[in-house]
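Let's take a walk through this one together. Have the viewer open and follow along.

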Amino acid sequence: MRVRIFLKQPFFTLPGYIPRAAVAVEGMLEAEKPLGWLVEVDTWLSETGAKLEGATHRVLIPAAKIDHALVLG
């Protein structure tokens, strides 16, 4: 299922992995784990909704970091 996830706070990351300014992500939800959602993220969005430059990554997004999510399809 494709989802858009809005984060409570941007990801803490090192340069070169994922965009630091990403506050929302889109991708395919692969699994719901006890600690969070495993998502193949292919779209990184800024607080204005602009797409950010970033590669596709499989990310375990902690449940505590998720504010809410939209099911896109």
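How many aromatic pairs does the structure hold? There's one, and keep in mind that we're looking at a predicted model. The partners are Phe11 and Trp44, with ring centres 6.3 Å apart and planes at 75 degrees; that angle is over the 60 degrees needed, so the pair counts as edge-to-face.

Phe11 sits in the loop between strand 1 (2-7) and strand 2 (24-32), while Trp44 belongs to strand 3 (residues 36-45), so their pairing ties together parts that are 33 residues apart in sequence. Buried or exposed, then, for Phe11? Phe11 is buried, because its relative accessible area of 10% falls under the 20% cut-off. Trp44 is buried as well, at a relative accessible area of 1%.

Among contacts with a separation of 6 or more, 49% link residues 24 or more positions apart.

What about overall dimensions? For 73 residues, a compact globule would come out with a radius of gyration near 11 Å, and the protein agrees, since it has 11 Å. Its C-alpha atoms fill a box of roughly 25 × 25 × 20 Å along the principal axes. Buried residues account for 34% of the 73.

The accessible surface is about 4700 Å², with 58% of it belonging to carbon and sulfur atoms. There are 8 positive and 8 negative side chains, and the centres of those two sets lie 4 Å apart.

Methods
Residues are numbered from 1 along each chain as its sequence is written. This is a predicted model: local features need pLDDT of at least 70, side-chain atom pairs count only at pLDDT 80 or more; totals for chains, interfaces and linings use all residues. Side-chain values use heavy atoms; hydrogens and water are left out. Rings of Phe, Tyr and Trp (its six-membered ring) pair if their centres lie within 6.5 Å; planes under 30 degrees apart count as stacked, over 60 as edge-to-face and the rest as tilted. Helices (H or I, at least four residues) and strands (E, at least two) are DSSP runs, numbered from the N terminus. Buried means under 20% relative accessible area, exposed over 50%, partly exposed in between (1.4 Å probe, protein chains only). The radius of gyration is taken over C-alpha atoms; the globule rule is 2.2 Å times the number of residues to the power 0.38. Contact means heavy atoms within 4.5 Å. Accessible areas come from the Shrake-Rupley method with a 1.4 Å probe; for residues, only the protein chains shown count as cover. Lys and Arg count as positive and Asp and Glu as negative; His and the chain ends are not counted. The place of a charge is taken as NZ of Lys, CZ of Arg, CG of Asp or CD of Glu.
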